[in-house]
Amino acid sequence: MIRKKEWEKSFKNVNGREPNEEDYEKALSLGLVREESSVPNSNKRTVLVLGTVIVSLLIFAIGILLTIFFYPSPKSSQESFASSTSQSSKKERESTDTGSSIDYKDSSKLSQEDQEKLEEGYKSIELEKEDWHRQMLRDIITMYAEQKIRYSESQFQEKYDSDYKQCTEAIENKVKEILPEHLRVYTEAHYENGGLGLPTFDNIINEARTYYNSTTKNWTYPQDS
């Protein structure tokens with residue numbers, strides 16, 4: 001069985017004329033010629049190329065959409081660690097005072113002993129933060145009290161930043177001191193989500209001014225509890 005064009009050429013050579021439709025149908029019935037596809041090869045190629053292009057564009061578009069919707073937004077560790085306010089500090093202290101369970105990541109995976117150890121650790125860290133809160137107030141008030149020196153706002157900010165840095169280092173050391181290795185990840189996740197809970201610079205400055213700018217100027221340092 002041969003193709004139509006080859007059969008037409010062979011027919012012409014044998015019979016000396018071009019085959020007509022009747023000759024073609026007879027050759028088909030005898031199985032001498034292969035029936036041509038109704039869709040030309042060029043059309044098949046066009047459909048195949050267009051289909052490939054369209055599918056590629058769809059895959060590319062879906063990839064872009066998935067990237068836009070599911071790509072994680074960048075998170076600054078400094079912002080997450082230091083963006084807490086005095087309100088969050090108060091909330092954490094109240095949680096500690098009332099003995100309510102502290103929310104930490106995947107706590108259900110810890111044993112009862114580990115949970116108790118972790119909560120005790122958090123209470124100890126909260127006390128450390130309270131000590132640093134008072135220390136930062138003392139430092140700023142002392143600067144206010146030095147009558148011969150007029151400190152600028154940037155110098156107050158510099159002192160606050162210095163104390164805050166020491167505070168974060170102290171808290172990190174406290175975590176290493178009181179918690180075993182397998183519990184530290186819970187504490188790090190806890191403070192990454194909620195920050196240290198220390199007052200911001202503006203709150204510390206306002207507290208220091210309140211102590212210092214009393215009418216009698218008989219201010220005292222914040223007392224240790």
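R134 is buried in this predicted model, at 10% relative accessibility (buried means under 20% relative accessible area, exposed over 50%, partly exposed in between, with a 1.4 Å probe and protein chains only). Its side chain meets that of D131 in a salt bridge with an N to O distance of 2.5 Å (a salt bridge is a side-chain nitrogen of Lys or Arg within 4 Å of a carboxyl oxygen of Asp or Glu). D131 is partly exposed at 39%. Both residues lie in helix α6, three residues apart, about one turn of the helix (helices are DSSP runs of H or I with at least four residues, strands runs of E with at least two, numbered from the N terminus). Salt bridges that share partners also join D139, K159 and D163 into one network.

A further salt bridge connects E128 and K174 at 4.0 Å, N to O. This pair links distant parts of the chain, E128 in helix α6 (residues 112–145) and K174 in helix α7, 46 residues apart. E128 is buried, with a relative accessible area of 18%, and K174 is buried at 18%. D23 and R17 form another salt bridge, their closest N and O atoms being 3.0 Å apart. D23 is buried at 16%, whereas R17 is partly exposed at 37%. The whole structure holds nine salt bridges.

The protein chain has nine helices and zero strands. Of its 225 residues, 29% count as buried.

Residues are numbered from 1 along each chain as its sequence is written. As the model is predicted, local features need pLDDT of at least 70 and side-chain atom pairs count only at pLDDT 80 or more, while totals for chains, interfaces and linings use all residues; side-chain values use heavy atoms, with hydrogens and water left out.
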